[in-house]
Amino acid sequence: MKPTGDQGAGEATAGGDDPWKECVEVAVQLALRAGQIIREALTEEKQVSTKTSAADLVTETDHFVENLIVSALKEKFPSHRFPTVAVSIGFAVNQELEFGVIYHCTEERLYTGRRGQGAYCNDKRLQVSKVTDISKALVLTEIGPKRDPETLKLFLSNMERLLKAQAHGVRVIGSATLALCHLASGAADAYYQFGLHCWDLAAATVIIREAGGVVMDTSGGPLDLMSCRVVAAGTQEMATFIAQEIQTIYYRRDDEN
């Protein structure tokens, strides 16, 4: 789906109505508005608080942008519920992900994907890499919010396991959303994380799948958005290999009270 919505967005069925065309257009406009707010906020002083731990930071701009997106979506679509955070917007119907919009405001890159209609960064169609050999793979990950000794031990052990398996590289870049977009564009070959929330993953899942990639549970089974764990890769072989190599770091599910 190109960000203008002129091609692909209105062609879900040949000659038929597209039930989610308006939803996609609204999500894109909200992502762009939120991105502008964040770019302006980067030049100003910020008040920083925490989410779940001292390593899981949130600024007043995060709160403002999230409230902006949620309130606008509730006003426009009062009967729908959208899993949203910052400028990563995913939309599901009956637990089936339909589209995702991610806007990296500082780079002005708009990533969009619709089920069955492809994934795009601005006006360029995305394609994952087709690397199946771990020795040729750049693997991305993030630490997650928990920093207790046992969690850090497991996190470092997982990196060590992949390096011992002769991975070309294992890197932490500081942004799960950006890392997942790197995977969708073919700049990285795989990604895994424990502690990644559904609102961080929903949009990226659509985009990666529509770019030809695989997103699944770290157990090797189907993705469970609420499980706070994920393996994604350009190929099934790569995703399966990583899932078999890494040890589980347990996080509370997003749907638990």
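Contact here means heavy atoms within 4.5 Å of each other. The model used in these exercises is predicted.

**Exercise 1.** State which elements the buried residues of helix α6 pack against, and where these residues lie on the helix.

*Solution.* Step 1: list the residues. Helix α6 covers residues 236-245, and its buried residues are M238, A239, I242 and A243. Buried means under 20% relative accessible area.
Step 2: look down the axis of α6. The buried residues fall within an arc of 130°, so they line one face of the helix. The general rule is that an α-helix has 3.6 residues a turn, so residues three or four places apart point the same way.
Step 3: find the partners. The buried residues of α6 pack against the strands β9, β11, β12 and β13, and against helix α3 (149-164).

**Exercise 2.** Give the strand order of the open sheet of five strands, and explain why one side of β10 and of β12 has no neighbour in the sheet.

*Solution.* Step 1: the order reads β10-β9-β11-β13-β12, and the pairing is mixed.
Step 2: β10 (169-172) and β12 (214-216) stand at the edges with a single partner strand each, so one side of each lacks a neighbour in the sheet.
Step 3: on average, neighbouring strands of this sheet are turned by 15° against each other, direction ignored.

**Exercise 3.** Describe how β9 pairs with β10, and name the bridge partner of T141.

*Solution.* Step 1: β9 (residues 138-141) pairs with β10 in the parallel sense, over four bridges.
Step 2: the bridge partner of T141 in β10 is V172.

Notes
Residues are numbered from 1 along each chain as its sequence is written. This is a predicted model: local features need pLDDT of at least 70, side-chain atom pairs count only at pLDDT 80 or more; totals for chains, interfaces and linings use all residues. Side-chain values use heavy atoms; hydrogens and water are left out. Two strands pair if DSSP finds at least two bridges between them. Helices (H or I, at least four residues) and strands (E, at least two) are DSSP runs, numbered from the N terminus. Axes are lines fitted to C-alpha atoms, for helices over the stretch in contact, and angles run from 0 to 180 degrees between N-to-C directions. Buried means under 20% relative accessible area, exposed over 50%, partly exposed in between (1.4 Å probe, protein chains only). The arc is that of the directions from the helix axis to the C-beta atoms.
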